[in-house]
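Subject: Structure for your files

Hello,

Here is the structure I said I would pass on. My notes follow below it.

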Amino acid sequence: MLDEFKSEQPIIYKLLYNSINKNKISHAYLIEFNGYQKGTDFVLAFAKYLLCPNKYTNSKLCGDCGQCEAIDSNNFIELKIIEPEGQWIKKEQLEELQKEFSKKALIGNKKVYIIKGAEKLNNASANSILKFLEEPSEGIIAILTTENIYQVLGTIKSRCQLLSLIRPQDKIKNKDTKSLLAYHTYNNNEDINNFLNDECSSTKIDAIVEYINYIEKHKNKAIIYKNKPLLELFNDKKQLEFAFNWMILYYKDILNYKLKRPLEYFFQYEKDISILADSINILKLCKNIEILVDLSEKIKFNVNNTMLLDKLVIKLVEG
Ligand SMILES: [Zn+2]
């Protein structure tokens with residue numbers, strides 16, 4: 001039940017709780033798991049909360065609710081769960097869903113469908129569901145889930161309320177940017193300690209923040225003035241991969257800021273982030289993360305680093 005997530009996901013909990021009690025439910029949600037292990041359980045608890053006629057959030061109350069019981073035993077006709085079949089979510093699965101959901105709910109007044117792995121919606125399957133997502137019949141609620149929101153097609157994202165679960169980072173004591181990035185970047189204690197004790201690490205983190213700030217402000221000029229210094233600082237393929245990774249996290253924090261979620265990594269740069277958040281819209285932020293993910297895949301191949309960075313700037317700058 002939803003109450004189980006009250007302490008680990010306080011922000012989303014409150015938001016969903018209020019929206020249901022004030023009857024301001026969106027017709028489509030896209031929930032990013034963001035490394036949170038219990039994401040699937042969370043989504044089921046949310047679906048249960050939507051469907052429970054008594055609005056129970058707590059299983060102690062729920063002894064007499066047949067709906068919640070039926071959902072628990074995977075046996076409730078007004079809840080449908082769709083998962084990718086093979087590599088993609090197929091168009092046929094979604095057509096089937098829409099057929100089933102063309103009738104009104106028999107029990108209660110809501111029907112909920114969950115699409116797991118929304119990044120597995122390709123253009124064909126996404127197109128077949130866009131209208132249904134945007135203008136569903138009364139009482140139909142969509143919950144889409146994904147590990148990473150930036151891998152989901154823009155046409156889907158723009159039709160959903162975007163929510164992101166918090167990744168628990170309890171094992172890290174000092175929640176400063178340097179420590180968080182150290183644990184994110186390296187897998188073993190020796191590397192982590194080296195990174196933490198190296199003064200140059202802070203310079204590198206500053207450089208990434210400054211680099212993105214510069215691109216967002218001065219656009220293509222970054223190619224002339226910033227790419228060479230950056231490559232001198234991140235001077236091999238491994239280093240460059242780290243740089244791309246941190247840029248992704250920086251953009252993710254700008255997205256966090258924009259969606260009024262807590263920052264995950266770049267706490268010390270909140271001022272920079274607030275400025276950028278004013279000038280970039282959510283879709284472009286997701287697009288930029290996507291660009292970085294795509295190009296970072298290419299680093300390990302035999303590409304020229306300078307050309308790769310030039311390409312990055314051009315793509316980040318274009319509308
Ligand atoms: Zn119930």
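Which helices do the buried residues of α15 pack against? They pack against α9 (200–218), α10 (221–225), α11 (227–233) and α14 (282–299). Packing here rests on contacts, where two residues have C-beta atoms, placed from the backbone, within 7 Å.

Before the rest, two notes on reading this. The model is predicted, with local features needing pLDDT of at least 70 and side-chain atom pairs counting only at pLDDT 80 or more, while totals for chains, interfaces and linings use all residues. Residues are numbered from 1 along each chain as its sequence is written.

Overall

The protein has 15 helices and five strands (DSSP runs numbered from the N terminus: helices are H or I of at least four residues, strands are E of at least two). Its radius of gyration is 22 Å, close to the 20 Å that the globule rule gives for 319 residues, so the protein is as compact as a globular protein of that length. That radius is taken over C-alpha atoms, and the rule is 2.2 Å times the number of residues to the power 0.38. Of the 319 residues, 33% are buried; a residue is buried if 20 or more other C-beta atoms lie within 10 Å of its own, exposed if 12 or fewer, and partly exposed in between.

Helix α15

This helix covers residues 305–317, and its 13 residues reach 18 Å from first C-alpha to last, close to the 18 Å expected at 1.5 Å a residue (the expected span is 1.5 Å times one less than the number of residues). L309, L312, V313 and L316 are its buried residues. Down the axis of α15 they fall within an arc of 95 degrees, so they line one face of the helix; the arc is that of the directions from the helix axis to the C-beta atoms.

Strand β4 and its neighbours

Six of the seven residues of β4 (residues 140–146) are buried, so the strand is largely enclosed by the rest of the structure. Strand β1 (residues 28–32) runs parallel to β4 and is joined to it by five bridges, with I31 opposite T145. Strand β3 (residues 111–115) also pairs with β4 in the parallel sense, over five bridges, and I114 stands opposite I143. Pairing requires at least two DSSP bridges between the strands.

Within helix α5 lies F132, which counts as buried with 21 C-beta neighbours inside 10 Å. F132 and A142 are ten residues apart in sequence and 9.4 Å apart in space, C-alpha to C-alpha.

Regards
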